[in-house]
Amino acid sequence: MKNTEPQNTSGGRLPGVAFIHDEFPCGGAERATMDILEYLSRNGYSGHVLTCTFHENLLPSEKKHKFRVEVLPERNPRRSRKDADAIIAYIKEHDIRFIITLSFLRHIDYIRDQTGVIYIYTIHGEPFCERFIVEESYKRKRKGTICSKLKWYLFLYPKIYWFHYYKKKFIRLYKETIRKSDCYVTLCEEYRQEIIDKLGLQLELRSKLKVIGNSERPVEVVKKEKKKQVIYVGRLSFSDKRVDRLIEVWKKICGRVPGWELLIIGDGEERQNLEQAAAGMANVRFVGAVSNVQPYYDDAAVLCLTSASESWGFVLTEAQSNGVIPVAFDCSAGVHHLLAPSGTNGILVSPGDIEGYARELTALLNDDEKRRRMQLSVIEKAQEYSMEKVGRKWLDLFSELQASGC
């Protein structure tokens with residue numbers, strides 16, 4: 001995608017900031033990138049995205065002239081020397097001062113030696129969640145054929161639980177990434193501290209860790225009169241989202257919350273299993289994937305997440321900004337950061353406690369006054385994620401890194 005590159009008032013080229021993504025756009029991380037680049041374009045920088053796969057049809061029309069998108073030749077920036085050379089050429093051609101990645105680049109030393117670019121690594125998820133995802137994926141495989149069960153007990157189980165192979169692997173990668181970056185950005189202070197503690201970082205490396213959360217787009221007019229609707233928004237996947245737990249909760253409470261319905265918005269490999277689990281329940285609807293979720297936020301009173309793993313959860317901040325009360329398992333420091341204190345900015349339930357979740361949700365749906373009070377609180381909470389506040393943190397970080405001589 002070739003856009004006209006922004007110029008400064010003296011006619012020269014603006015300093016550039018480039019994000020590197022495997023796919024663009026496709027999810028929450030890419031949405032965050034677009035919002036940051038749009039803000040930077042208003043504050044003295046040109047924005048760029050280097051990607052392996054560009055889904056141009058998914059790029060909102062209003063974003064198309066806010067930044068440039070370039071597809072890398074071999075589409076493997078983590079490992080490809082040819083892609084590293086393409087990144088170097090692009091940095092030099094477009095005066096890129098900062099590159100920001102969400103995955104580690106093997107050739108980052110080579111790129112920095114050739115360009116002098118400042119390298120920022122941003123961890124968009126929960127620290128060390130990779131190990132959790134790997135383990136959950138392998139756990140499911142043990143339930144398959146005889147061959148997969150033998151593979152689990154003879155090979156995978158010992159690697160995970162006896163030799164801690166994956167834990168050691170990811171810790172090595174985290175340490176290498178921090179050493180080779182000029183700055184390492186986490187989503188909240190709790191995640192920063194977790195990395196410091198688990199890696200035992202000394203002061204020199206610890207000082208590289210900074211905190212910048214995700215922004216949330218403002219809602220111009222929040223619809224406060226809501227229907228008796230509870231929604232789930234997101235992928236229908238098993239290892240992390242665990243929507244099966246929400247179906248289980250709803251079965252327990254649907255007879256105690258008259259007039260309420262549950263809408264499942266999204267799609268994924270678990271949809272058929274979830275539909276079978278919800279068979280016969282008249283007040284559950286599977287909406288599928290939608291291009292515009294705003295009408296559902298306008299109508300819904302409550303949003304439910306029953307995830308086993310959730311790093312930040314854009315749907316939580318989207319819900320808050322729309323006056324929709326989020327209820328979630330307290331499964332990560334990121335979720336806790338967004339919804340605490342429970343009962344004010346949302347409702348937090350002990351991880352995996354189905355009975356507790358059912359009690360809290362039943363009480364909320366049957367208490368009109370509590371919902372009205374919490375609705376005002378969550379709308380106010382969402383103001384903390386404004387792009388002005390988050391964008392200013394990025395500008396301050398750029399200034400700090402340049403002043404330090406990185």
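Biologist: How many nonpolar, polar and charged residues are in the lining of the second largest pocket?

Modeller: This is a predicted model. The second largest pocket has a volume of about 280 Å³. Its lining has 13 residues, and those closest to the centre are Lys-224, Glu-225, Lys-226, Arg-371 and Arg-372. Sorted by class, the lining comes to three nonpolar, two polar and eight charged residues.

Biologist: Which helix gives the most to the lining of the second largest pocket?

Modeller: Arg-371 and Arg-372 are among the residues closest to the pocket centre. The top contributor spans residues 368–382 and supplies four lining residues. That element is helix H15.

Biologist: How many cavities of 30 Å³ or more does a search of the whole structure find, and how much space lies in the largest?

Modeller: The search covers the whole structure and turns up one cavity of that size. The space in the largest cavity is about 140 Å³.

Biologist: Which residues are closest to the centre of the largest cavity?

Modeller: The lining is made of 16 residues. Two elements give two or more residues each, helix H1 (28–41) and helix H16 (387–403). Closest to the centre are Ala-32, Ile-36, Thr-122, His-124 and Asn-214.

Biologist: Which element gives the most to the lining of the largest cavity, and with how many residues?

Modeller: Helix H1 and helix H16 are the elements that give two or more residues. The top contributor of the lining is H1, with four residues.

Biologist: Is Asp-35 buried or exposed?

Modeller: Asp-35 sits in helix H1. Buried means under 20% relative accessible area. Asp-35 has 6%, so Asp-35 is buried.

Biologist: What does Asp-35 touch, not counting residues up to four places away in sequence?

Modeller: Start with Lys-66, which is 31 residues from Asp-35 in sequence. The C-alpha atoms of Asp-35 and Lys-66 are 9.7 Å apart. With sequence neighbours set aside, the residues touched by Asp-35 are Lys-63, Ser-215, Arg-217 and Met-387.

Biologist: With which residues is Glu-318 in contact, leaving aside neighbours within four places in sequence?

Modeller: Glu-318 belongs to helix H12, residues 314–321. Its relative accessible area is 16%, and Glu-318 is buried. Beyond its sequence neighbours, the contacts of Glu-318 are Arg-31, Glu-216 and Tyr-297.

Biologist: How many aromatic pairs does the structure hold, and what is the geometry of Phe-19 and Trp-394?

Modeller: The structure has 10 aromatic pairs. The rings of Phe-19 and Trp-394 are 6.5 Å apart, centre to centre, with 65° between the planes. Planes over 60 degrees apart count as edge-to-face. The geometry of Phe-19 and Trp-394 is edge-to-face.

Biologist: Why does the pair of Phe-19 and Trp-394 tie together parts of the chain, and how many residues apart are they?

Modeller: Both residues are buried. Phe-19 is in strand E1 (residues 16–24) and Trp-394 is in helix H16, so the pair ties together parts that are apart in sequence by 375 residues.

Biologist: Which residues form one aromatic cluster with Phe-19 and Trp-394?

Modeller: Phe-19 and Trp-394 pair edge-to-face. Their cluster also takes in Tyr-45, Phe-98 and Phe-398.

Biologist: Which elements hold Phe-329 and Tyr-357?

Modeller: These two form an edge-to-face aromatic pair, 5.0 Å centre to centre and 65° between the planes. Phe-329 is buried at 1% relative accessible area, and Tyr-357 is buried at 0%. The pair links distant parts of the chain, 28 residues apart: strand E12 (residues 325–329) for Phe-329 and helix H14 (residues 354–365) for Tyr-357.

Biologist: Which residues in helix H7 are buried?

Modeller: Helix H7 runs over residues 189–199. Gly-200 follows H7 with a positive phi, near 60°. Within H7, the buried residues are Tyr-191, Arg-192, Glu-194, Ile-195, Ile-196 and Leu-199.

Biologist: What share of the residues in the protein chain is buried?

Modeller: The chain has 16 helices and 13 strands. Its accessible surface is about 19000 Å², with 49% belonging to carbon and sulfur atoms. Of the 406 residues, the buried share is 51%.

Notes: Residues are numbered from 1 along each chain as its sequence is written. This is a predicted model: local features need pLDDT of at least 70, side-chain atom pairs count only at pLDDT 80 or more; totals for chains, interfaces and linings use all residues. Side-chain values use heavy atoms; hydrogens and water are left out. On a 1 Å grid over the protein atoms alone, a cavity is a set of points where a 1.4 Å probe fits but cannot get out, and a pocket is an open set with protein on both sides within 12 Å along at least five of seven lines; lining residues have an atom within 4 Å of a point. Grid points are joined across faces, edges and corners, and a volume is the space filled by probe spheres set on the points. Buried means under 20% relative accessible area, exposed over 50%, partly exposed in between (1.4 Å probe, protein chains only). Accessible areas come from the Shrake-Rupley method with a 1.4 Å probe; for residues, only the protein chains shown count as cover. Ala, Val, Leu, Ile, Met, Phe, Trp, Tyr, Cys and Pro count as nonpolar, Asp, Glu, Lys and Arg as charged, and the others, Gly among them, as polar. Rings of Phe, Tyr and Trp (its six-membered ring) pair if their centres lie within 6.5 Å; planes under 30 degrees apart count as stacked, over 60 as edge-to-face and the rest as tilted. Contact means heavy atoms within 4.5 Å.
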